[in-house]
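Reader: I would like to go through the terms used for this model one by one, and to hear on what grounds each of them is applied.

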Amino acid sequence: MHDVGLIRNFSIIAHIDHGKSTLADRLIQLAGIVDERTFQDQILDNMEIERERGITIKSQAVALPYVAADGRSYTLNLIDTPGHVDFSYEVSRALASCEGVLLVIDAAQGVQAQTVANLYLALEHDLTIIPVINKIDLPAADIPKVKGQIAAELGLDPEEALLCSAKEGTGVEAVMEEIVRRIPPPGGDENKPLAALIFDAQYDSYRGTVIHVRLFDGTVAAGDVIRLFSTGATYRVEEVGHFLLHRQKREALRAGEVGYVIAGIKTIADVRTGDTITHDERPCPRPLAGFRESKPVVFASIYPIAADDYEDLAAALEKYKLNDASFVYEKDSSAALGHGFRCGFLGLLHLEVVQERLEREYDLGIILTPPSVRYRFLLKSGEVVEVDNPARYPDPAAIDHAEEPYIRAVMILPDRYLGAVMKLCRDKRGENPHLHYPSPGRVEMTFEMPLAEVIYDFYDRFKSVTQGYGSFDYELIDYRPSRLVLLDILVNGERVDALSQIVHRDQARPRGLTACERLQEEIPRQMFKIAIQAAIGSEIIARTTISPFRKDVTAKCYGGDITRKRKLLEKQKKGKKRMKMIGSVSIPQSAFLAVLKSDSP
Amino acid sequence: MTGITESPPTGGLYIHFPFCRAKCPYCHFYSINNLDYLDEFFEGVSKEMGRRDRLFSALDTVYIGGGSPSLMTLSHLEKILGAVGRHWRVVEEAEITVEVTPEGLDYKWLTGAGELGVNRLSLGIQSLQAGILSFLRRRHDAADALKALEAVAAAGIVNVSVDLLYGVPGQDLEEWLRDLEKILETSPAHLSLYELTLERGTELWEEHRRGLFAMPGEETAALFFRETSRLLTRAGYEHYEVSSYARGTSRRCRHNLRYWRHEPYLGLGPSAHSFLPPGGRDASPAVGRRWWNVSDVDEYLGRLRSGNFPVEETEELNHRSLAFEALFLALRTSDGLDLEGWRRRYGEENCLLNDRVLEAACGEGLLRREGERILPTTMGLALADRLAVELWGGTA
Ligand SMILES: Nc1nc2c(ncn2[C@@H]2O[C@H](COP(=O)(O)OP(=O)(O)O)[C@@H](O)[C@H]2O)c(=O)[nH]1
Ligand code: SF4
Ligand SMILES: [Mg+2]
């Protein structure tokens, strides 16, 4: 009964907020696989944090049954992709499992930076592209203008664009129909040896690792012995199936299909997304082409607040890694914070997402140290060392010169914000600006800037000076010579290694002062006066103090009602748990990241 | 771990007399002003005694608080102390305290009370300033207060404690210190000097929330605390607990010391609290037990009538919780905490102390160390709650 001709694998890509999740919801609704009562908006964004932030982080897959105009019953596999610049790696591996995409464009906002970036990704994978102009219900919708942009900026045929309102449901049926009509069915041969691409994986505490796969060739069924290409490890398949919002068991998965495989894999480390699954007995000759490897650009250490939680943290990171192939980590340790991990992230948002997921999903209290980029030091000995951890800063006397990574930032914004953004970029040591006017009233600006400046409070300020109308994307270009110093923070005279930062020489003083001020705000008053200092080597360059409490005791503890008092103090004790004791000073978790926040103008 | 002791321990008894003429706007103790319940109340308390008398073999402190126990007539007092004597042996040198207010306190009542065995009075004067007394809506004045003190002296009751409030909005430090000196002229054996605290649910709390007045800031409160301590210490008083001063160790309130030392006490009457340390009778050896009665006279009486205990809630305290309590309670007192005794009593593994904080607190003059004992300084007493929270916990 298996007919590859009745399968379509597709993704939706869009600039953030253009309606990707809303359109996905409509398609799911139309497919009738979820009843109205249990329907929640944005079904695919099912991680708590995605709902809260309204962004899509993890790719997810769902199989939509659809009876097309030709009277045949199709299965449309929708593979959701994330919509933020930090997560293009996940976009990439989702796209590797598809034959086509819906490129959603907001009818009022038109083509944005990530519309273009996502289009390029889709073209890299040779996919069929269906432009969808969404939000046509908006009074500000300007369909002719958007069609003009589709032709001029995307180089696509505007006549092929579909019009819809995901919110009101208009035109959504036609989208389904066009998916069937335009996107080719998957190729592949089910008689060939099994070749399945792992595009995601999740850990289920009952079933072990659940692998999300796209089959290119062959079939896989319960009882088969499979082999993971990269490690050679073999497993017996326990269950295969589809995603119909939830897992739906099937007898087998065949070439062209998307689904899951459970094979009792307990060792998380054995599964790598991007890897190929094949049969142990009749393996395919070579692995499927992996996809664009992600490269971490931002580094920070994660420590458990309670030293006892170290093992739990290690286990949580291992599990997390399974679900987020772009996350990398290794062991680290700090005099102030004990044992922890040095981690690499795709960007700041990625870092925040990891932090929140570890705390929520694994219920861990963690401390994240100030993020850093990876610097390069050319030593007098001729040796070159790469340093992404201030703790490993080389002996200043041995350094010949230093280099830092530069990016090319691409920003698209209404031209009225041009002056403000120019100034911001210059403040951020930006150079070599290029301007380009893709359409009247809009300007596309490129700047070359140190990556370190972008992780230091750039997004927030960019958003604020463009009042949210600007889009921003970047790519790493090269390393350039720079004058760097190690900025230390001392709390009551004790150096807190986890608060050190590598900064540009010219910015050391203002950064030091800002760090002291932020810590003064973040660290609650305590029993003793707390002195906070910023230093370069032995030179103190900034300081603040936190005055102590003078009185903190209830007058009465009478009538034998000790319980009330104990409960009150226990609450305070709990509050203390969210803090890290450094020497005799309790430092809240938030302080470690706050040192990087400037008071934006 | 100690086993169940052979005979019940000697304990302390608290009786909550839940009646007042009117509710004071700052008070969160349970009290009502319907005196119709008086007779039933005495019956109820006697019943409760009957159900609890096995807990102690003898009493060495009895404290009748409230509420306003001076609303009791001498025959009430005789009834209740008589009942206490029937249920327990009251040791010869027992401390027997009654809380009284200055209004209508007469010589006859005082001598009568003394004859019934009352040997300590806690006199709720609160202030000598008309403005403050009216803010607190007290129905007596400075003259009443001084007269009451004279009457007490005349009645031959020497163990007297005077209750005063400070940190009242608008209060002047100099004036407060002068009032204290005036009180000191009568050489009370003991003073309880409380900083006014707004308690949720009281009238003052509500008025403050509506912004009708501002409370003194932390710096002011700290200044009052320090100056008060300095004056009293100079006058020869021992600042032995956050709010308590005694003219010599023998004048400390032995009943209150029980609370701070985790010694057993039984509370009778609505809203009263009781505590049995681990190892006592009626408590499984591994845990301490604390319970408190319902805060409602009707329900209190109803439960007793139907043969039930009038208990609102009971909690069992493991050694870890007890160790923390012992820490914050001990830090309220000038005796501080004997670390060795603490660890012996609650187990080394339960007594979590952060050595770095301890060291810093000593260095900053909040604590002193005498061998195995840590003692709060005056500055430390002012920060006792925070000290306890910060000191608790292993060395990170
Ligand atoms: N008026 C209108 N609003 C829409 C439409 N589609 C999505 N939205 C709104 O646009 C916002 C962003 O949508 P979302 O689906 O989360 O965008 P995503 O970031 O691309 O996933 C939400 O507030 C949606 O309610 C539409 O067709 N019309
Ligand atoms: S302060 Fe004393 S007199 Fe006033 S209501 Fe409270 S218990 Fe009664
Ligand atoms: Mg979304």
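Reader: What makes S18-S19-S17-S20 of chain A an open sheet?

Author: In this predicted model, the 4 strands form an open sheet in the order S18-S19-S17-S20, with antiparallel pairing. Strand S18 (328-334) and strand S20 (366-368) of chain A are the edge strands, since each pairs on one side only. From one strand to the next the twist averages 30°, where axes are lines fitted to C-alpha atoms (for helices over the stretch in contact) and angles run from 0 to 180 degrees between N-to-C directions.

Reader: How do you know that strand S17 and strand S19 of chain A are joined?

Author: Two strands pair if DSSP finds at least two bridges between them, and 5 bridges join strand S17 (residues 298-304) to strand S19 (residues 338-345) in chain A, so the two count as paired. They run antiparallel, and A:Ser301 has A:Arg342 in S19(A) as its bridge partner.

Reader: How are the helices and strands of each chain counted?

Author: They are DSSP runs, numbered from the N terminus, with helices being H or I of at least four residues and strands E of at least two. On that basis chain A has 14 helices and 33 strands, while chain B has 15 helices and 15 strands.

Reader: Why is B:Cys20 called buried?

Author: Buried means under 20% relative accessible area, exposed means over 50%, and partly exposed lies in between, with a 1.4 Å probe and protein chains only. B:Cys20 has 10% relative accessibility and therefore counts as buried, and B:Cys351, at 6%, counts as buried for that reason too. Of the 601 residues of chain A, 59% count as buried, and of the 396 residues of chain B, 58% do.

Reader: What makes a pair of cysteines a disulfide, and how many disulfides does the structure hold?

Author: The sulfur atoms of the two cysteines must lie within 2.5 Å, and over all chains the structure holds 0 disulfides.

Reader: What share of the contacts in chain B with a separation of 6 or more comes from residues 24 or more positions apart?

Author: With contact meaning heavy atoms within 4.5 Å, such residues account for 71% of those contacts in chain B.

Reader: Which conventions apply to the numbering and to the model?

Author: Residues are numbered from 1 along each chain as its sequence is written, and chains are lettered from A and ligands numbered from 1 in the order in which they are written. Because the model is predicted, local features need pLDDT of at least 70 and side-chain atom pairs count only at pLDDT 80 or more, whereas totals for chains, interfaces and linings use all residues; side-chain values use heavy atoms, with hydrogens and water left out.
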